[in-house]
Structures are given as structure tokens and as C-alpha cells.
Amino acid sequence: MTVKEAFTTMSYGPAPESAAPAEDWLRQHDGRFGVFVDGGWHAVDDTFEAVDPSTTAPIAAIAQAGADEVERAVDAARRALSDWQALGGHGRARFLYAIARQIQKRSRFLAVLETLDNGKPIRETRDLDIPLVARHFYHHAGWAQLLDRELADHEAVGVCGQIIPWNFPLLMLAWKVAPALATGNTVILKPAEFTSLTALAFAEICAEVGLPPGVFNLLTGDGRTGELIVRHEGIDKIAFTGSTEVGRLIREATAGSGKKLSLELGGKSPFVIFDDADLDAAVEGVVDAIWFNQGQVCCAGSRLLVQESVHDVVVEKLRERMERLRMGPPLDKAIDLGAIVASVQLERIRGLVDEGRAEGATCWQPSWACPTDGWFYPPTLFTNVEPASKLAQVEIFGPVLVTMTFRTPVEAVALANNTRYGLAASVWSENVNLALDIAPKLQAGVVWINCTNHFDAASGFGGYRESGFGREGGREGLFEYLKPAWRGTDDEPEVEIDSTAELSTAADPLALPGLDRTAKMYIGGKQKRPDGGNSYPVLGVDGSLIGHAGLGNRKDIRNAVEAARKAASWSSTTGHLRAQIVYFLAENLHSRRREFAQRIRTLTGEDDAQALREVDTAIHRLFTWAAWADKNDGAVHATPFRNVTLAMPEPWGILAITCPVAQPLLAFVSLIAPAIALGNRVVAVPSSRWPLLATDFYQVLETSDVPAGVVNIVTGDRAGLGRVLAEHDEVACLWSFGSREEAATAERLSIGNLKPVWSNGGRTRDWYDPRQGEGDDLRRWSTQIKNIWVPYGE
């Protein structure tokens with residue numbers, strides 16, 4: 001036999017990794033674990049089984065934490081908070097560094113334990129998961145060291161409740177715990193009930209390095225434990241990774257609580273192959289995108305979109321590759337696919353595949369059989385899939401790929417964005433101009449070009465739309481665990497509108513009535529009467545009637561959002577053009593500064609100097625945001641790969657703003673200026689008490705070349721209009737600068753499309769203070785970060 005013949009005919013033999021280190025560790029604990037609270041272990045009577053998915057054999061008894069354990073953990077975390085923050089950045093950096101070193105030293109043990117508990121192949125846990133876990137703690141040790149200098153105007157949020165999924169148990173822990181500890185927070189972590197073992201091992205590492213008691217607390221349990229954490233009043237921040245359905249429940253449960261919230265949810269990521277792509281490389285990318293971790297990945301490339309001319313070739317190559325995939329015991333270093341995490345997940349996959357067949361799609365699976373022991377499911381390929389079918393729209397979270405075709409780049413983008421999710425996407429083309437043109441058009445938080453499933457601690461990860469909000473990793477991920485160091489002052493008042501008051505008339509019964517002065521709304525670049533034809537009185541600070549403003553309703557909001565949608569080209573204009581227009585706004589406002597000052601004086605009772613100060617500060621704001629319009633740069637992340645990782649700030653699209661009562665011109669300008677300067681189209685509800693400053697301002701908009709639909713102004717009941725905006729699915733983000741109750745209502749009603757809601761917690765801002773009136777938080781909240789990974793080299 002020749003060498004060539006031997007090479008082409010040889011078959012893989014078993015290459016088992018020893019489970020002994022993990023089994024010894026389990027025996028040391030008698031296969032039974034409590035909870036880790038306040039630096040020590042505590043037994044819990046109620047337990048459940050951890051099961052090896054590849055054999056279905058029980059491997060440990062895990063504590064089911066209840067209300068008492070949650071209370072104890074919150075108390076420990078609260079008591080530890082001040083000392084942990086007082087330790088300073090350098091002290092925290094040393095602890096994170098020590099944790100990273102211990103993870104490296106125990107990497108093989110942790111990889112084996114993860115595979116036993118989760119069912120994923122040892123090659124993935126050994127070569128990808130555990131090295132990335134260490135990387136996150138190293139990276140955030142660096143941020144802890146630099147925090148006081150780089151983010152001096154921020155402070156820790158407080159006690160953080162973190163709930164993680166079962167698909168990357170230890171890596172998801174690192175994504176959340178490392179930035180939280182680095183920024184001075186204390187943590188209560190709940191791992192998934194299916195996969196708690198590596199989190200328990202991590203708690204031991206925390207004890208070994210001497211992490212102060214209460215800084216990290218671990219509560220195991222099912223969804224009941226998670227709900228107790230989410231609803232506990234003593235927790236300041238909730239970070240959740242999991243399904244969109246549970247994310248909605250958490251958004252609803254935390255609404256109005258004052259808790260900061262970040263959600264990393266489901267996905268249905270497109271994998272786009274153009275006809276000029278390296279098809280062999282693209283097929284390997286597909287294998288990594290959908291059959292990595294058996295497809296149990298939130299950003300799995302589960303929708304394969306192939307240019308029509310190469311579709312048949314790609315499908316044939318995929319089938320050949322699927323035939324050569326190896327499935328078996330996950331501790332075998334020579335296998336590609338391991339086990340599904342649990343029987344309930346396996347049944348879900350089977351059910352969705354059956355529904356796909358019933359819908360008429362063509363199902364293909366390789367000829368080899370799955371192992372009969374354990375929870376296994378073969379790699380599956382569907383063709384002839386309709387874009388609106390359940391297979392193409394529902395997250396399966398298993399090794400199931402659906403294919404569709406497109407003809408043009410425009411069609412590819414439309415098909416890729418035809419989903420309620422927006423977590424990740426992958427684009428394959430040898431034409432880098434085409435790839436970089438397509439990437440910004442995809443509504444996804446991460447886009448990989450000619451690669452897939454790249455992650456790093458230096459690069460943020462997170463979604464658009466119903467894939468959640470917030471970022472994990474990188475500088476942008478730090479802000480999820482920080483808040484501005486300054487505080488708001490008084491509570492923002494509720495505003496009651498009395499629509500029954502009338503304009504005063506002369507005392508003489510024969511005198512003519514006064515002339516009505518009713519300001520119109522501003523929608524789509526035009527002055528519009530309210531849909532209902534109703535108005536309400538605008539009173540001066542002394543109670544005198546100054547005029548009327550339109551009483552907007554749901555239809556007016558709908559019209560304003562429609563006008564903003566039609567102005568979509570504003571979001572793709574250059575920063576230079578936006579800067580010129582915002583400068584022009586400042587110029588035209590300045591030419592009418594005394595007129596606006598007079599209006600402020602009439603409405604609010606401010607003296608001449610203070611009224612002019614408000615106008616001049618508003619002009620200053622416009623100059624500030626005109627300056628930022630072409631300077632809000634992204635970053636090139638220092639990820640340790642042969643690639644450029646571009647962090648690109650992108651406008652939300654349609655941004656809704658409800659404005660506070662006080663400083664009716666300055667607050668209005670301070671809020672809309674960053675939004676439009678950075679590319680958003682705005683639907684604004686101005687001060688309900690004194691809306692006439694905003695309706696006067698639309699005359700400035702009309703003379704300043706602001707395109708129709710970029711700024712839309714709907715006057716009326718701030719609370720009622722805010723509810724409509726929170727419910728509207730085309731509004732991508734809502735800034736609620738109303739009362740605490742209005743912000744809470746907005747958070748509750750935002751679950752339809754899971755839009756982020758930014759509020760000041762119902763507190764007022766000092767709009768004259770540059771930190772509060774033009775600070776970095778306004779710039780950050782005007783955009784979301786998209787990370788684009790671009791490999792280079794041969």
C-alpha cells in the first residue's frame with residue numbers, strides 16, 4: 001500500500017480524554033454541592049441532579065437555592081460592596097489576575113468538567129472555551145487597573161444579579177463576572193440548572209485566591225431561583241443571557257424597579273455566501289457556524305443565504321462535508337459533534353424539524369447513525385425553505401441549518417434582515433468592497449466577514465432588536481456595570497393637562513373675542529394639526545393663559561414615526577453633512593435668541609438674564625453636537641487574531657424622546673441635538689407644560705435645511721404619548737425623561753420589540769451642567785455598537 005492509499009483509506013480511531021480529574025473532584029465533594037455565599041459553602045436540603053448528556057447518567061446533586069439563600073447572598077454582597085470598591089482599581093486588578101492564573105493552571109480539569117456537564121466536544125472546551133475564560137479575566141484585570149483614569153466620572157452600579165445559560169457555562173460566567181468585579185460591583189451569579197459544575201469549581205477558585213467574602217456569591221437552581229434574584233429589591237443590576245421569551249419576562253419584572261438591565265437573547269443569524277466567495281472556505285465556515293456546540297449557540301449561523309448561481313454547488317459540498325462529520329462521546333478528541341444538553345432540548349429540536357417537514361421543506365441528514373446512548377441529534381440541512389416559514393423564523397437552538405437563495409446584494413440584505421432578531425451575521429465574499437458595503441446594512445450587533453464565531457474580551461458582543469440590548473466585552477461592555485458619578489436632583493414632576501380652559505375675553509360683553517393662538521405640531525417637515533383636532537391651554541408660571549398646543553394622540557405618533565421611517569437616508573449621510581446642518585440650527589437660533597428669551601420669560605417667569613442664558617446654552621449645545629457629528633469615531637479592537645475588529649457606532653434609526661418640564665428649550669435641544677447629529681431620526685414629545693418653545697423651534701428647523709422627517713414634534717400629554725412610543729415596534733430606542741412612573745411604564749410596555757429604554761430614573765438633570773447636559777452618556781445612548789471582524793493575510 002502506498003502512502004497516498006494509506007492516507008485516503010485510514011479512519012479515525014478513538015482518542016479519549018481522561019475524565020479522572022473531574023471524577024476525582026466530584027468524589028471529593030461526595031457528588032453533592034451547596035451554595036457559595038459570603039465566602040463559604042452552605043448546604044441546602046432541596047437538590048436536583050446534574051446529568052451527563054452523553055450517557056444520561058447522573059453525576060452530582062446540585063442545590064436548589066430558595067428565598068433564604070437569595071436573601072443571604074444579597075445581604076453578603078451588599079455588606080462587601082463598600083470595601084471592594086475602597087480596595088481600588090489596582091487591588092481589584094490583582095484579584096482578577098490571580099483568578100486568570102488559576103483558570104490557566106486548572107484548564108484541563110475545567111475543560112473535562114465542562115464537557116461532562118454540557119455534552120460539547122472536549123476540543124471545544126479545551127481549545128476555545130477555557131482559554132477565552134482566562135482571557136476575559138486577564139483583559140478585565142487591565143481595565144480595573146485603568147478604570148480610575150479612563151472612566152473617572154463613573155462608579156459601580158452596586159450589587160449585580162447575573163443569570164447565565166447552559167451552552168457556554170464557564171465562558172458566560174467570565175463574560176459577566178469579570179467586568180462586574182473589575183468595575184467595583186459585587187455579584188450574585190445563577191448558572192443554568194443543567195450546567196452548574198464549572199461555576200461551582202470557579203467558586204472554589206475564588207476562595208483559593210482569597211477573594212473577599214461576599215464579593216462573588218453563587219446560587220444554583222432552576223428558574224425559580226432566577227426569578228427570586230430578578231425580583232429582589234436589594235439588587236441594583238440584572239444581566240441575563242438566555243431566550244427572548246424569558247428576557248421579556250425579566251424586562252417586565254424589572255420595569256420601574258430602578259435596576260439596570262442588560263439582555264443578550266436569541267438569534268437567527270444569517271450566513272451570506274456570494275458567488276465570488278471561496279466556497280470551500282465558506283463551507284468550513286458553515287460547519288463552524290451551525291454545528292459548533294451542536295448548534296446550541298445564540299449566534300449560530302442557522303440561516304444559510306446563498307447566491308442563486310452557486311446554491312447547488314454549495315449544497316452539494318455541504319452534504320459531502322456533513323457525511324464526514326463525526327458524532328460520539330464528547331470526551332473523544334476526534335469527534336466533531338457531542339450531545340444535546342438535555343432531553344427537553346432534544347425534543348424541542350425534533351418537534352421543530354417535524355414541523356419543517358410538514359411545511360414542505362426538504363430535509364437531508366447524513367447516512368450515519370447517531371449514538372443510541374445519550375441525547376444526540378444529527379446535523380440537519382433543510383432546502384426549499386420559505387423565508388416566512390417557522391424554520392426560517394424560529395430559533396431552533398440545535399444542529400439544524402436552513403437554506404435560501406438570493407440574486408442581488410439588495411435582496412441578500414432584505415432576506416438577512418427578515419427576522420425579529422439581530423445578534424450576529426456572517427458575510428462571505430472575496431470582494432472586500434462588497435463585504436464592507438453589506439456589513440453595515442445588516443441589522444446585527446456583530447458581523448463576521450469571511451469568518452464566523454470569533455469572540456474576544458476586547459470586542460463587545462450583543463444584539464439589535466429582539467436579540468436584546470447592552471454589550472458584553474470591550475470598553476463598551478464596561479458601561480453595563482457603571483453609572484455616572486453625578487446624581488440627579490428632584491423628582492421629575494407629573495404633568496396634568498387641563499383641556500377645558502379657554503382664552504380670556506374682555507370684560508365688556510360686547511367686545512370681540514381674543515384671537516386664538518394654537519401651535520401646530522411638526523411632522524414630516526410640515527406643520528400639522530392634531531389628528532383629533534383637540535388642543536390644551538399653555539399657561540405661564542403665573543397662571544395666565546399664553547396660548548394653546550395641539551393635543552396629540554396615537555394617530556399623530558403613528559404619522560410621526562412613519563415620517564421618520566421615510567427619512568431613513570439621514571442615518572446614512574456623512575457626519576460632515578450632519579455637522580453643517582446642526583451648526584446652521586445654532587446660527588438660526590442665535591439670530592432669534594431674544595425672541596426665544598422673551599418666550600421663556602413669558603412662560604417660566606425667568607428674568608432676562610436667565611432666559612438669555614437658557615437660549616445661549618442651547619446654542620452652545622448645538623455647537624457641541626455639531627462638533628461631535630463627524631468625530632464620533634469607532635475603534636479598532638486589539639483582539640488577538642489575524643484580523644481587524646472594527647467597533648462601529650451606528651444610529652438606532654428611529655429614536656423617541658419624551659422631554660422634561662423644566663428648561664423647556666434647553667432640555668429639548670440638549671436631547672434632540674445628539675440624537676440627530678449622530679444620525680437618528682427623532683420623534684420628540686416636548687415639555688407638556690411649556691411646549692411652545694419646541695413649536696417655536698420648528699421654525700428654526702424649517703429654515704436650517706433639516707430634511708423632512710428627521711425631527712418630528714408631537715405635543716400633548718407626555719405620559720400618554722410616551723406609552724404609545726414605548727409600544728411602537730418601529731421605535732428602536734426610547735429616552736424617557738419624564739417621571740419615575742412614566743419611565744416604569746415605558747419599560748413595561750417596551751417588551752413588544754424589546755427596545756432599550758433610557759431614563760434618568762425619574763430624577764431631574766441640571767441641564768446647564770455640561771456633564772449632565774452634554775455628557776458622554778448622551779453620546780453613547782445615541783448609537784449602538786456594531787463589531788465587524790475582518791480577517792487579513794493569505
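Residues are numbered from 1 along each chain as its sequence is written, and side-chain values use heavy atoms, with hydrogens and water left out.

The confidence of the prediction is expressed as pLDDT, the predictor's confidence in each residue, from 0 to 100. The chain has a mean pLDDT of 93, and 97% of its residues reach 70 or more. Over residues 503-516, pLDDT stays under 50. For this stretch the model has 11 contacts beyond four places in sequence, a contact being heavy atoms within 4.5 Å.

Helices (H or I, at least four residues) and strands (E, at least two) are DSSP runs, numbered from the N terminus. Helix α13 comprises 16 residues, 343-358. The expected span of a helix is 1.5 Å times one less than its number of residues. Burial is defined by relative accessible area: buried means under 20%, exposed over 50%, and partly exposed in between (1.4 Å probe, protein chains only). The buried residues of α13 are Gln 345, Leu 346, Ile 349, Leu 352, Val 353 and Gly 356. They lie on the same side of α13 because they cover an arc of only 130° around the axis, the arc being that of the directions from the helix axis to the C-beta atoms. Val 344 and Ala 358, on the other side of α13, are exposed. The cover over the buried residues includes β13 (362-364), β14 (380-383), α14 (390-393) and β15 (400-406).

Glu 204 is located in helix α8 (residues 197-208) and counts as buried because its relative accessibility is 14%. Its side chain is joined to that of His 29 by a polar contact of 2.5 Å. A polar contact is a pair of N or O atoms within 3.5 Å; within protein, one must be able to donate a hydrogen and the other to accept it, and residues adjacent in sequence count only if both atoms are side-chain atoms. When residues up to four places away in sequence are not counted, Glu 204 touches Trp 25, His 29, Trp 41 and Arg 106. Ile 229 is part of helix α9 (residues 223-231) and is buried, with a relative accessible area of 0%. Beyond four places in sequence, the contacts of Ile 229 include Val 70, Gly 161, Ile 188 and Lys 190.

Strand pairing was also examined; two strands pair if DSSP finds at least two bridges between them. Strand β27 (residues 654-658) is largely enclosed by the rest of the structure, because five of its five residues are buried. In a regular strand the side chains alternate between the two faces of the sheet. In β27, Ile 654, Ala 656 and Thr 658 point one way, and Leu 655 and Ile 657 the other way. This strand pairs with β28 (residues 681-685) in the parallel sense over five bridges, and Ile 654 has Arg 681 as its bridge partner.

The loop between β28 and α23 (692-702) contains Pro 686, which is buried at a relative accessible area of 1%. Among its contacts beyond four places in sequence are Cys 659, Phe 668 and Pro 691.

Strand β32 (residues 783-791) is mostly covered, with seven of its nine residues buried. It pairs with β17 (residues 446-449) in the parallel sense over three bridges, and with β26 (residues 643-651) in the antiparallel sense over nine bridges. Trp 448 has Trp 789 as its bridge partner, while Asn 643 stands opposite Pro 791.

An open sheet of three strands has the order β20-β24-β23, with mixed pairing. Strands β20 (518-519) and β23 (535-539) stand at the edges with a single partner strand each, so one side of each is left without a neighbour in the sheet.

Conventions. This is a predicted model: local features need pLDDT of at least 70, side-chain atom pairs count only at pLDDT 80 or more; totals for chains, interfaces and linings use all residues.
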